Amino acid sequence: MKFFIDTANIDEIKEAHELGILAGVTTNPSLVAKENVDFHTRIREIAALVPGSVSAEVIALDAEGMIQEGLELAKIADNITIKVPMTNEGLKAVHAFSERGIQTNVTLIFSVPQALLAARAGATYISPFIGRLDDIGQDGLALVSDITEIFTKHALSTQIIAASVRHPIHVNEAAKRGAHIATVPLKVIKQLTKHPLTDQGIERFLADWGK
Ligand code: E4P
């Protein structure tokens, strides 16, 4: 499983990138709004910094509007992935992008049929939102298992991004259940690197070395 970072904050992206683990970045309108910057300028900065896929989301709700916005975003850099919401209009747009060879990430996936339809429309990635399902008392990780099983059974090449990741267990389990990618906030990336026995071990080695 690869790691993407889920943020539009440049400092956070730099910090994660320096660890050498980043394969891409996902943003969404809420994350970009927090930054108070010009959207296209920020996407350009991120795409120049990280060589992997950089998801930039369209705002329009109709397919034609999504396609127009997406084509403009795709001009920013070769590594831009157009993030499209999982709606009927979104599927039409994904199909149009796929015919033009433009990568897409279908977001706000909450069920297996949505995932299957997005894959059939030609999505490069789909993003099941684990945390938001957990928030309403449904099992987000079970959705990841179901999608991976079905995509494998039907030889679908669309990659599964475990999204809305809230804590390290989401990451462990998404990897075990076969997600290709987890898009993770910096806070969780930092939690993943830590183990108290690692810290204790370093302290003990240094103490022994000092003797
Ligand atoms: C994924 O691409 C989304 O940006 C993100 O994971 C949403 O996470 P949230 O539910 O914590 O907002």
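## Terms and overall form

The structure described here is a predicted model.

The protein contains 11 helices and 8 strands. Its radius of gyration is 18 Å, close to the 17 Å that the globule rule gives for 211 residues, so the protein is as compact as a globular protein of that length. The C-alpha trace spans about 70 × 40 × 30 Å along its principal axes. Of the 211 residues, 39% are buried. Among contacts with a separation of 6 or more, 55% are made by residues 24 or more positions apart.

Strand β1 covers residues 2-6 and pairs with β2 in the parallel sense over 4 bridges. Within this pairing, Phe 4 has Gly 24 of β2 as its bridge partner. Together with helix α1 (residues 10-18), the strands β1 and β2 make a right-handed β-α-β unit.

Strand β2 (residues 22-26) is mostly covered, with 4 of its 5 residues buried. This strand also runs parallel to β3 (residues 53-57), to which it is joined by 3 bridges.

## Thr 81 in strand β4

Thr 81 belongs to strand β4, which comprises residues 80-85. This residue is buried, because 27 other C-beta atoms lie within 10 Å and the cut-off for a buried residue is 20 or more.

Apart from neighbours within four places in sequence, the contacts of Thr 81 are Ser 53, Val 54, Ser 55, Gln 103, Thr 104, Asn 105, Thr 124 and Tyr 125. The C-alpha atoms of Thr 81 and Gly 52 are separated by 9.6 Å, and the two residues are 29 apart along the chain.

## Two residues with positive phi

Most residues other than glycine have a negative phi. Leu 108 has a positive phi of about 65° although it is not a glycine. Leu 108 lies in strand β5 (residues 104-109) and is buried, with 20 other C-beta atoms within 10 Å.

Ala 155, also a residue other than glycine, has a positive phi near 50°. Ala 155 is located in the loop between α8 (140-153) and β7 (159-162). This residue counts as exposed, because it has 6 C-beta neighbours inside 10 Å and the cut-off for an exposed residue is 12 or fewer.

Strand β6 (residues 125-128) pairs with β7 in the parallel sense over 2 bridges. In this pairing Tyr 125 stands opposite Gln 159 of β7. Tyr 125 is also among the contacts of Thr 81.

Strand β7 pairs in turn with β8 (residues 181-184), again in the parallel sense and over 2 bridges. Ile 161 has Ile 181 of β8 as its bridge partner. Between β7 and β8 the chain passes through helix α9 (residues 168-176), and this β-α-β crossover is right-handed.

Notes: Residues are numbered from 1 along each chain as its sequence is written. This is a predicted model: local features need pLDDT of at least 70, side-chain atom pairs count only at pLDDT 80 or more; totals for chains, interfaces and linings use all residues. The radius of gyration is taken over C-alpha atoms; the globule rule is 2.2 Å times the number of residues to the power 0.38. Two residues are in contact if their C-beta atoms, placed from the backbone, lie within 7 Å. Two strands pair if DSSP finds at least two bridges between them. A crossover is right-handed if, with the strands pointing away from the viewer, the path from the first strand over the helix to the second runs clockwise.
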